[in-house]
Structure formats: structure tokens, C-alpha cells
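Please read the points below alongside the sequence and the coordinates.

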Amino acid sequence: MADTATDQAFVEFERVQKSYDGENLVVKDLNLSMPKGEFLTMLGPSGSGKTTCLMMLAGFETATHGDIRLGGVSINNIPPHKRGIGMVFQNYALFPHMTVAENLSFPLEVRKIGKADREEKVMRALGMVQMQDFAGRRPAQLSGGQQQRIALARALVFEPELVLMDEPLGALDKQLRETLQFEITRLAHDLGITTVYVTHDQTEALTMSDRVAVFDDGRIQQLAPPDALYEEPQNSFVAQFIGENNTLLGVIEKIKGDTCEVRLDDGSIIDAKPINVTEVGQRTRVSIRPERVEIGTARLTPDAHTLKAEVLEFIYMGDIFRTRLRVAGNDDFVIKTRNAPDQIRLTPGTMVEIGWMPQDCRALDA
Amino acid sequence: MAEAMLAADGTPLKRSLARALRRQKLRALMLIAPLLIFVLITFIVPIGSMLFRSVENEMVGNTLPYTVEALAEWDADAEPLPSEDTFQAMFFDMFLAAEAKRHTRLGTRLNYETTGLSSLFRQSGRQLDDVADISYEPLEDFDAAWDDGETWYALMNARQTADDALMAQQRARVAALTDNETNSEVNFAPDAEVAALLPLAAREYTAWAVYVATQDGRDPATRDPWEAVAPALLIDLQTADLSGYAGPEADRLRAVQAANLPVANFVDAFVDMDEDWGTQVPWETIQTHSSTYTSGYFLNAVDAQKTADGVSWQPEDKQILITLFVRTIWMSLLIMGSCILLGYPIAWLLANLPMRKANLLLILVLLPFWTSLLVRTSAWKVMLQQQGVINDVLVWIGLVADDGRLIMINNQFGTIVSMTHILLPFMILPMYSVMQTIQPSYLRAAKSLGATNWTAFWRVYFPQSVPGIGAGSILVFILAIGYYITPEIVGGTKGVFISNRIAYHISSSLNWGLAAALGSILLAAVLILYWAYDKIVGIDNVKLG
């Protein structure tokens, strides 16, 4: 059926809305289109509607309005067990009264697949997650990471074209999480499965996904590949949610092509790139990544605006230095510098001059 | 490890640790001591002593000690009747028992085994004086001094050496017979010489002296002994050699011996009292049930009986208890089954409804708990009887003719309906607590894997709820198997349980031994069930509330 659907739209949300109580919309006007084989992550703070979207796709919630299509076919009225979507749950949801092999065999049994075939598929799926030796164990006898591997294998064993993952690594420790992140990405790409992954962990989202949809307040704030998301946030929510950011408040002084000047609240002028500001006099929140701030004027263009800053704190973090400054009345302005041989270590109390390339400083909505 | 670990001061680590922990343990024990003692005294000990009655059988040996001893040699197959000595021992045992008013109690006890013995003992007890008088009256006529207690006291009381063994023996005999202490002071001690010369008379006189002194608080020196001492004396004198005797009343004794006064033939005397004494029946019963511990009550509890020829079934018309046991178990299973069927959906609702609604439902489930059991059962009586609510409604609708009202009470149906209602919360609560722990994501996972609603429930939800069903079932079954009030009120004759029979034996027939045996069997059945459940399902899986 994949052939008949256009590759550009394997999964489609069209003007989807969802309300639980008839008063508030949890999902407001969601439009999303996923090509086959894509790894898409829904990222957002809790209550942003990302899990609701996943549940609507899986069929456990019905959309209040709008259309959800899978392979070009509307699935609004198809019950979950007929959608053929694999799903991995945050708490694994492995059936505790069945062994690992029985857990994996379950989706094949309900599909009335023959015994020999079943056993072969189960062993192959266990092989994919390197868990062949654990076929006879009960879930309770496995560690969290092992359980998650089994849950993954169970979601893949019946060869679904779409797999949904609802914060699958949320309960694991950091190191295990990183290993599994890599494994999940590898499997998804090797098997060519379309994956929708829900998380609130931005690192996870950035490292695993082909595209990330940042959710807030029931809407997708930005849908972009990880690098674009980090480097070119389209609004101040995304800028603040993804990665670390320095923000300064001010008013647009002048717009000239893809640069503008912003008068900060303390009166100083800086250069920025206008993103979603359009007119002079508008309030703006400028955003700049800590690693794009330059100390001194050596690498800046001669006409670049600079700011005076007072060093408040210097933190040695091994690979980088983290320096906290007071800039334009903001005490939490942070810059990160690489621990290179020629890098100077700033002492608290000294005054420095800082600046940046205009394209690294983004003037966003206030 | 080859060598034991040592603590810093050189003592073995194990001992050092044990010492350190002992204080803690002691303190913990002291904390629970009041409750422990309370439970022990008010619960464990009474139950233990009650259960002990199911095998305890001291009454026969305590009441008829010499008869039991004499009967031991009797072989019912070889001899038609026990020996004259046995009858004689029976006379003296019975005489003392009758004076202590204990012979009817023994009659009741033996009547459990052989019907008719109760009246035999009761009637014979009244006529024992007549048998004694066969010897007593001629003796009194021969020499009026024998009618005087002082003569006897002078003869029997110790002069140089007392027979302490005989005294202790008779103290024990009276104590066993009356269940009372006999340690108080007795102004009498049997004379060793007389005791050797006149063993039977000394024995019976001592028994009397102990009895009047310890039980009635009288002084034996100033009282006349019971008539039974007369036949005892005459029996002794038949063989006693008085030639060397020079103690008090020596002349009187010699005169009596020379007069050759009549002694009753005890066999004839007993048969005269009641013809049944001339049959083997009472003697066999006493012989069979003379041991201190008996399996008789347990055999009775399963419709068998212990006879001289071994174990045999009760006569057909007396077999009721096995039927009752089977009925109790069968009906308890039915009640358990109905509770599962009715309780499962409710427990499921409780576990899956939103909090507010679930709480309301929970209150409805618990509401019966706050109503007296008696009230609930009586309510069922109102509902189910022929002129009751249900029948009235059925007649009013026209489903049932007025003269064809359904009989729903005083039978098994009534018991099952009302007990299902009463025990339902005990099924729902454990099921609810287990279902609460089953996360909804299991069902979602099953559905996402392609299972229909039914498959998801049956393959994923239901197996996980089985421990709850098990916990509820074992609870309801154990409660049902010992239920008393409800079957008593709505069960009629067809719907009563074994517990109602136990209550009958405790309060009406007073056959506590049988009641204890029935109770022990019930307790054992429940414990076996519990053990089996633990083996199969694991008692750790039982969660209540």
C-alpha cells in the first residue's frame, strides 16, 4: 500500500483538534506530513499535546476534529488493533505473566501466523536487539534496559510500517539511554521504518531524529531538522526550549535587509538578524547562543556593535569554560569558550568587550 | 571460610552479633507482649482446649477406674459376661460416682456411642443403695455399733503407721471424678495394718473420708460412712486372716467374720437393677471407650463408630455428617462461584472508573459492612419468603400464580442467595486491589499489537487479575465453609451447614467432643486449602484492600 501513497505523505495530520472536556483544546490545529522512512520526534514540555497526538495516531484517542491519514487512508474510524502500528510505551508494558518469547509471539498469534513462522520471527526480532539468550525469562527478571529492548523487539516483530514510541527511554539512566538511542536510530534506519518518537529530552530529539516537531500550547512551534532547529529557531519559544540561550530584551531600531539594529533596554545598540519581527519600534527578544559570543573585537567586522560586560563568574568544565557576565543589566549572560591553549581564563571583576556576527544573533518575538 | 570471624574484642562475630541483637528483640517482644498474652489467653488457649476435647476421653477412666482395670482382661468373644470381680468393681465405682452425682454425666457420654446407656446409668444410680443394703442391713442388725461412724473411724484411722500411698491414691481418685481439688486437710489417714488386712473396706472408707472432707468440708471422724463400706468389709472378711490382729474393734470384726453375713452376688444384683447389665452391650461400650484418648469422636464425625470389633459405619438412619460436609463444601463452592461472577465486573468498574465515581461505588460496596449481619440476613427473609417482596412482585406482574408462589427460603436457594450477597464485598475488595495495579497501558499495548478487545482482555488483563480472583475466592470460601448465622436463619433443614450441626452439639446435645471433632476437621480442611493455595498461587499474591 506504500506504493500507492505518495512518499511525501505516509502519515498525515490535517487540521486536527483534540479536546477532552469540551472547553479547552489540547491540540489546536495540527498539520503534519511525514514521508515514509522518516524518524520524526515530537518534542515539547509536558502538557504541550505531543502525547495526545501520538495517542490519536495509535487510535487510543479520537480526534475531535480533522483527519489523520496513514498511507493516504483516513484512519479516524479504524480501531487501534487494525491499524498495524507498532508501539513502545514509556513503562515498557511487557506482559508480566508471559515470558519474553511469549510476549513477542503475542502479536503474531493474534495475526494467526503459524507456529514455525512465529518462532523464527521471534528469534529474528530478539536477534535485532541482541536478546536471544533471554527468550525464556519473565520481564520481571530483566533490567530496565533489557526490558526496553524487548519492548522494542515486540513492537517490530510483526513488521509494522509505522512505529510509535512514547518516551521509551524516560526511565533509564543516562549511559543506557545513550546506548539505546543509538540502537533505536540504527534499527529504524536499517529496517526503513517510519518512526514517531515522543520525548521531552531535547538531546534525545536532536541526536536521533531526521526532523523534530517542537510542541507548545497544542501547536507545532517549529518543524525542522535538528541543526536548523538549533541554529535557526523561528520563535523565542523554540530558541529558549532548544539548547542554552542568552536573551536580551529591546526595541527594533532599524531594519535593513537581513540585519537590523536593536536598542536594548539600557540604551545600548546591537546588531541582529530579524526573524519574526517586521517593523521598527516593535518589542523584541534577541537570542544568541553562548558559544557564538566573541570576546574582544578581533574577529568582528569593523562596524560591528559591541557591548561592555563585567565578568561575574568563571567555571572550569573540562572541555569548555563557562563564563557568566553582566550584560546590559542581565546577570545571566553566559558565554562558552573552548578549552584551547590560547584561550584566556577571565577573572571575575574584569571588564571585557563582547560582540557577535549579526547572523548569529536572532531578533525574535518578545 | 575456615575460621570463624572474630569481633574486635576477640569473641566470635556471630555471638557478638547475636548479643547485640538480643536486646533489640527483647525490647520488641516486650512491646507486643500485652497483645500476645491477650491473644494467647483469650483465643489460642480456649481454641486449643476445645480442639483437645475431640480426642480427650478421660471421663470413663476417671469415673470407673477399677472397672476399667478389671474389664481389661475380659474377652467378649470367649466369655458371655465379665467376671464377678468386674461387677463388684463397677458397684464401688458407681457408688462413689453416684454420691458425687457424676454417673449421669458418664451415662450421657457413653450414650453417644451406644444409645440407651444414659438411662441405664441414671436408673441404676438410684438403686445402688438397695444393693449396698443387702450387706449393710444384716451388719447393722448383727451389731448396731456398725451403724455408728465412730466404730468405723476407730477401726480405720491410723495408729502407728499410716498408708500414705492409699491416701494419695484415693485423693487422686476423688479429684479425677469430681474435677475438684482434694489437697485440703483431711482428719483421717488409713491405718497401714488395717489396709493390708481389709484392703477393699480401707479403700472405700478412705475414698469416703476424702470426699466428705474435701468436697463437703465435714470431719470424717464424726460422720457415718456410706453404706458401701458394709459390703466392702464383708467381702474382705471372707478371706481376711484376723488371727494376728489386735487393733481396735478386733472382737467385733471376729464376731462379724464368724457370723458369715450375706454378701450380694453383684452379677445378680446388677441384672436385678436392669436386665441390660446382663448383656454384653454396656460392658463392651465401656471397654471400647475406656482409653484416655479416643478416635471415637472423629469417627463419629465422619459417620463411623468405634466398636469392640473395630471401626464400622453408623447405622444408615444416623448417617448425616458426611452429607452435611459435602453439602457445606458444595454450597460454599457455589457461593464462591456466584461471588466471582457478580464481583468481577464490579471490581473492574471500581478499578477503571474515574476517582469520584469509583469512590461512590466503593461506598456502595462497603455499605453492607456497616449493617449488622443479622439485619441483612433478616432482610433476605423478608425478600424471599412466600409472602415476601419478590413473590408479591412476581404475582403482581403475573409471572407466577398466587397459589404457585415460589419457595425461595428455608432451602439451599435461600442460603446461596443471601450468603452470596453477604460475602460479595470479600470477593470484590481483593479483586479490586489487584486490578488497581494492572496498568491500562497493558491493554493499550495488546491492542496496538493487534489484539481485539476480547483477546486483549482474555490474554492480557484476565491472567493478571487471577491473583485477585484467587485471593477473593479463598477468602470467601473459608468464610462460607464456617458460616453459621445465615444458614441458620434462611437455610431451613435443607440449607444448613456443618457449622449449624456443631452449634447444635455445643448448645443442645452437649456432645462437645463430637463438636470439637467436627470443628477440627473443618479447621484442617481450611488449613489444607490454604496450604494448597499457597503452593499453587502463592500467598504473597494475596492482597487485601
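1. Domains of chain A. The model under discussion is a predicted one. In chain A, the domain assignment separates domain 1, covering 11–236, from domain 2, covering 245–365. The centres of domain 1 and domain 2 of chain A, taken over C-alpha atoms, are 39 Å apart. To the contact between them, domain 1 of chain A contributes four residues and domain 2 of chain A contributes seven residues. On the side of domain 1 of chain A that touches domain 2 of chain A, one residue is nonpolar and three are polar, while no charged residues are found there.

2. Strand β8 of chain A. I would draw attention to strand β8 (residues 194–199) of chain A, in which six of the six residues are buried, so that the strand is largely enclosed by the rest of the structure. In a regular strand, side chains alternate between the two faces of the sheet. In β8(A), Thr194(A), Val196(A) and Val198(A) point one way, whereas Thr195(A), Tyr197(A) and Thr199(A) point the other way, and all of these residues are buried.

3. Partners of β8(A). Strand β3 (residues 39–43) of chain A runs parallel to β8(A) and is joined to it by five bridges; within β8(A), Thr199(A) is the residue that stands opposite Leu43(A). Strand β7 (residues 162–166) of chain A likewise pairs with β8(A) in the parallel sense, over five bridges, and here Asp166(A) has Val198(A) of β8(A) as its bridge partner.

4. The five-stranded sheet of chain A. A further sheet of chain A is open and consists of five strands, ordered β15-β19-β16-β17-β18, with antiparallel pairing. Its edges are formed by β15 (294–295) and β18 (330–338) of chain A; each has a single partner strand, so one side of each is left without a neighbour in the sheet. Strand β16 (residues 307–316) of chain A and strand β19 (residues 351–355) of chain A run antiparallel and are joined by four bridges, and Glu310(A) has Met351(A) in β19(A) as its bridge partner.

5. Positive phi values. Most residues other than glycine have a negative phi. Because 13 other C-beta atoms lie within 10 Å, Glu159(A) is classed as partly exposed. Asp217(A) also has a positive phi, near 55°, and is a residue other than glycine; its place is the loop between β9 (211–216) and β10 (219–224) of chain A. Asp217(A) counts as partly exposed because it has 15 C-beta neighbours inside 10 Å.

6. The contact between the chains. Where chain B meets chain A, 15 residues of chain B are in contact with 18 residues of chain A. On the chain B side, α21 (440–448) and α22 (453–481) each supply at least two residues, and α21(B) gives the most, with six residues. By class, the residues on the side of chain B that touches chain A divide into six nonpolar, seven polar and two charged.

7. Nonpolar cores. Which residues have the most contacts inside the largest nonpolar core? That core has 154 residues, and the residues in question are Ala153(A), Leu164(A) and Leu423(B). Helix α20 (residues 412–436) of chain B provides the largest share of this core, 14 residues. Leaving aside residues up to four places away in sequence, Leu423(B) touches Ile335(B), Cys339(B), Val476(B), Leu479(B) and Ala480(B). Another core, lying apart from the largest one, has 69 residues, among them Leu64(B), Leu198(B), Val210(B) and Ala230(B).

8. An exposed residue of chain B. Is Arg19(B) buried or exposed? Arg19(B), which lies in helix α1 (residues 13–52) of chain B, has 11 C-beta neighbours inside 10 Å and therefore counts as exposed, the limit for that class being 12 or fewer. Between the C-alpha atoms of Arg19(B) and Leu522(B), which are 503 residues apart along the chain, the separation is 43 Å.

Methods: Residues numbered from 1 in each chain as written. Chains lettered and ligands numbered in written order. Predicted model: local features only at pLDDT ≥ 70, side-chain atom pairs only at ≥ 80, totals over all residues. Contact = placed C-beta atoms within 7 Å. Nonpolar A, V, L, I, M, F, W, Y, C, P; charged D, E, K, R; others polar. Domains from an automatic or database assignment. Buried ≥ 20, exposed ≤ 12 C-beta atoms within 10 Å, placed from the backbone. Pairing = 2+ DSSP bridges. Core = buried A, V, L, I, M, F, W, Y, C linked by C-beta atoms within 7 Å.
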